[in-house]
Amino acid sequence: MKISSADLVTRIGRGEPIAVAIDTNLVVRQRFQFGRGLLAVLGQFTAANIKILVVDVVLREIRSHHLIALEEA
């Protein structure tokens, strides 16, 4: 679900739970470098009580893609 920045600020101000889900493609596009690009800014959400979600199937896919990348290197 896409929400506007103003709506997000309002929801955070009301203390509503907010979650951001991470997809495999994001991690693969950043070449598994969590200190770069969109992955690098995830830490800013903890102060605003925003949860980062990585579901089991995505975690398994990330691990699988990472192993393939390591084998190819």
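Begin by selecting Ile52, Val54 and Leu59, which form a nonpolar surface patch of about 190 Å². Such patches consist of residues with over 30% relative accessible area and no salt bridge, with nonpolar side chains joined within 5 Å. The model is predicted, with local features requiring pLDDT of at least 70 and side-chain atom pairs pLDDT 80 or more, while totals for chains, interfaces and linings use all residues. Residues are numbered from 1 along each chain as its sequence is written, and side-chain values use heavy atoms, without hydrogens and water.

Remain on Val54, in the loop between β2 (50-53) and α4 (56-72). Val54 is partly exposed because its relative accessible area is 37%; buried means under 20%, exposed over 50%, and partly exposed in between (1.4 Å probe, protein chains only).

Next, select Thr24 in helix α2. Thr24 counts as buried because its relative accessibility is 4%. The side chain of Thr24 makes a polar contact with the side chain of Glu61 at 2.6 Å; a polar contact is a pair of N or O atoms within 3.5 Å, one able to donate a hydrogen and the other to accept it within protein, and residues adjacent in sequence count only if both atoms are side-chain atoms.

Proceed to Gln30, in the loop between α2 (24-29) and α3 (37-40). Gln30 counts as buried, because its relative accessibility is 13%.

Finally, select Gly15, in the loop between α1 (5-13) and β1 (18-21). Gly15 counts as exposed because its relative accessibility is 51%. The C-alpha atoms of Gly15 and Ile50 are separated by 9.9 Å, and these residues lie 35 residues apart along the chain.

How values were computed
Helices (H or I, at least four residues) and strands (E, at least two) are DSSP runs, numbered from the N terminus. Patches are made of residues with over 30% relative accessible area and no salt bridge: like charges are joined within 9 Å, nonpolar side chains (Val, Leu, Ile, Met, Phe, Trp, Tyr) within 5 Å. Accessible areas come from the Shrake-Rupley method with a 1.4 Å probe; for residues, only the protein chains shown count as cover. A salt bridge is a side-chain nitrogen of Lys or Arg within 4 Å of a carboxyl oxygen of Asp or Glu.
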